[in-house]
Amino acid sequence: MTTTHHLPAGTAAADVYAVDVAPESAGWGHSSLRVLELPAGGWHAFDTGDSEWIVLPLSGGCTVAVGGDTFRLAGRESVFSGVSDFAYVPRDAQVSIASRDGGRFALTGARCTRRLPARYGPASSVPVELRGTGSCSRQVNNFGAAGVFECDKLIAVEVITPGGNWSSFPPHKHDEHRPGEESELEEIYYFEFAPHEGTPGLGYQRVSPSGHGANTDVLAEVRDGDVVLIPDGWHGPSMAVPGHDMYYLNVMAGPGTDRAWLICDHPDHAWIRDTWPERPVDPRLPLYTAPERS
């Protein structure tokens, strides 16, 4: 079990994975994340076990074979260059991933009970949402959001925050089961940053105690490949330093029977939402949009 909620790049590596966060290592019950790096011509096989997974290219493309299905993922150059297609693979399956040119691939997972069919998710079907305005503007790629793509338990989205902006703001939480108001969800943040003239980027992540669970308290400087685990607490802001766009991949799952993302804003900061209609969205967004359906 991890003793910290901030896992700097490399500290969550295991076996072939650059990141390997499992319920056992995180000390919780549901959410998982792996980041697989493959060289040109490389491949990897794994058993899904008791979890469902989405294979999402971070850079490069790959083929995903499961059962009698093979899905060819075109992928992308980087998380800052475009929306990616993806593949869903069910629990109790054997999966192989192969990449002709090499790349990095996120495996977002959640323990589940239903075994849904393996499926391909085209990039053109990913809703790209602009959330917030002004310095709170950010872009959300809702590839695995509840109500967008069917899973049993897994919820996964990508967030891009332009340099100098704050996202995950106002701070919010989802650590209680309150029907119709709040979901109980564990959450993983995985970060990447756009460099500037060769200088790597960085940002900051805050999680403050909500009075529930373990009263998680984090103020972390985050860089490429870092992970922050959020079992409970008010999370936000996620702050991108000026000059460096910030990307994070969110993976969520919980014990509820309904797969829903219901949040509660921090009462001290919820008012900020009321100011959004008065300000324009950051003109740097969207960084990109989903490709048109062919």
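1. A network of salt bridges links Lys 173, Asp 175, Glu 176, Arg 178, Glu 181 and Glu 182. A salt bridge here is a side-chain nitrogen of Lys or Arg within 4 Å of a carboxyl oxygen of Asp or Glu. By this rule there are 19 salt bridges. The model is predicted: local features need pLDDT of at least 70, side-chain atom pairs count only at pLDDT 80 or more, and totals for chains, interfaces and linings use all residues. Residues are numbered from 1 along each chain as its sequence is written, and side-chain values use heavy atoms, with hydrogens and water left out.

2. Glu 176 is partly exposed at 22% relative accessibility, whereas Lys 173 is buried at 4%. Buried means under 20% relative accessible area, exposed over 50%, and partly exposed in between (1.4 Å probe, protein chains only).

3. Asp 152 and Arg 114 form a salt bridge through their side chains (3.1 Å, N to O). Asp 152 lies in the loop between β12 and β13 and Arg 114 in the loop between β9 (103-111) and β10 (119-121), so the pair ties together parts 38 residues apart in sequence. Strands (E, at least two residues) are DSSP runs, numbered from the N terminus. Asp 152 is buried, with 9% relative accessibility; Arg 114 is partly exposed, at 39%.

4. Another salt bridge joins the side chains of Asp 217 and Arg 206 (2.6 Å, N to O). Asp 217 sits in the loop between β19 (203-208) and β20 (218-222), and Arg 206 in strand β19, eleven residues apart. Arg 206 is partly exposed, with a relative accessible area of 25%.

5. Seven strands form an open sheet in the order β1-β21-β18-β23-β13-β12-β11, with antiparallel pairing. β1 (6-7) and β11 (128-131) stand at the edges with a single partner strand each, so one side of each has no neighbour in the sheet. Two strands pair if DSSP finds at least two bridges between them. Strands β12 (residues 138-144) and β13 (residues 155-161) are joined by four bridges, and Asn 141 stands opposite Glu 158 in β13.

6. The largest nonpolar core has 37 residues, of which Val 21, Tyr 190, Tyr 247 and Leu 249 touch the most other members. Such a core is a set of buried Ala, Val, Leu, Ile, Met, Phe, Trp, Tyr and Cys residues joined through side-chain atoms within 4.5 Å. Another core, of 19 residues, lies apart from it and includes Trp 53 and Val 89.
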